[in-house]
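Reader: I have a new structure to look at, and I would like to learn how to read it. Could you walk me through it?

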Amino acid sequence: MAGGSRRAALRAAARERLRTGDDDAPRRPATERVEDGYAVRQVAGTPGRTYRCPGCDQELPSGRPHVVAWPEGRPDDRRHWHTPCWAARGRRGVKVHRSKNAPRHG
Ligand SMILES: [Zn+2]
């Protein structure tokens with residue numbers, strides 16, 4: 001009998017339970033998530049500040065809720081997007097650099 005594999009299955013189940021448990025919960029605000037190697041945050045917008053959306057090259061009106069996204073670990077590279085532009089970035093053909101293959105600048 002293959003008793004060892006049963007034990008491995010139990011161990012895998014325990015690991016699965018750990019992974020979904022609070023221990024491994026990412027310490028991020030509820031508004032932040034990760035998509036395609038990008039950290040994405042839904043923000044309310046800052047009155048008096050406008051940004052240019054890289055998806056459509058139009059300005060984001062100040063104080064308008066929108067999306068801020070940056071390559072994980074590189075918050076200095078964050079960009080401000082219209083929410084629908086971020087959602088549609090794949091269809092628009094905006095290049096999404098995967099951090100694994102992206103060249104490092106500095
Ligand atoms: Zn846009």
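This is a predicted model: local features need pLDDT of at least 70, side-chain atom pairs count only at pLDDT 80 or more; totals for chains, interfaces and linings use all residues.

Reader: What is the phi of Asp36?

Author: First the general idea: most residues other than glycine have a negative phi. Asp36 has a positive phi of about 55°, although it is not a glycine. Asp57 is another residue to look at, with a positive phi near 60°. You will find Asp57 in the loop between β3 and β4.

Reader: Now the overall layout. How many helices and strands does the chain have?

Author: The secondary structure comes to three helices and six strands. Reading along the sequence gives the pattern α-β-β-β-β-β-β-α-α. Of the 106 residues in the chain, 21% are buried.

Reader: Which strands are joined by bridges to β5?

Author: β2 and β5 run antiparallel and are joined by six bridges. One example is Tyr38, whose bridge partner in β5 is Pro71. Three bridges join β5 to β6, and these two strands also run antiparallel. Here you can look at Val67, whose bridge partner in β6 is Trp81.

Reader: Are the faces of β5 covered or open?

Author: To read a strand, look at each of its sides in turn. On one side of β5 are His66, Val68 and Trp70, on the other Val67, Ala69 and Pro71, and all of these are buried. That makes six of six residues in β5 buried.

Reader: Why does Trp70 count as buried?

Author: The cut-off for buried is under 20% relative accessible area. Trp70 has 10% relative accessibility, so it counts as buried. Leaving aside neighbours within four places in sequence, Trp70 is in contact with Glu32, Gly37, Tyr38, Ala39, Arg41, Pro75, Asp77 and Arg78. Take Ala39: it is 31 residues from Trp70 along the chain, yet their C-alpha atoms are separated by 5.4 Å.

Reader: Finally, the metal. Which residues are the protein donors of the zinc ion?

Author: The donors are Cys53 (SG), Cys56 (SG), His82 (ND1) and Cys85 (SG), at 2.0 to 2.4 Å from the zinc ion. Along the chain they follow the spacing C-x2-C-x25-H-x2-C. Cys53 and His82 link distant parts of the chain, being 29 residues apart. Cys53 lies in the loop between β3 (51-52) and β4 (59-60), while His82 lies in the loop between β6 (79-81) and α2 (83-87). Both Cys53 and His82 are buried.

Reader: What is the geometry of the site of the zinc ion?

Author: In general, the ideal angle for four tetrahedral donors is 109.5 degrees. In this model, the angles among the four donor atoms are 102 to 116°, and the site is tetrahedral.

Notes. Residues are numbered from 1 along each chain as its sequence is written. Side-chain values use heavy atoms; hydrogens and water are left out. Donors are N, O and S atoms within 2.8 Å of the metal (3.2 Å for Na, K and Ca); water is not among the atoms, so sites may look incomplete. Four donors count as tetrahedral if all angles lie between 85 and 135 degrees; four count as square planar and six as octahedral if opposite donors are over 155 degrees apart and all others between 65 and 115; anything else is irregular. Helices (H or I, at least four residues) and strands (E, at least two) are DSSP runs, numbered from the N terminus. Buried means under 20% relative accessible area, exposed over 50%, partly exposed in between (1.4 Å probe, protein chains only). Two strands pair if DSSP finds at least two bridges between them. Contact means heavy atoms within 4.5 Å.
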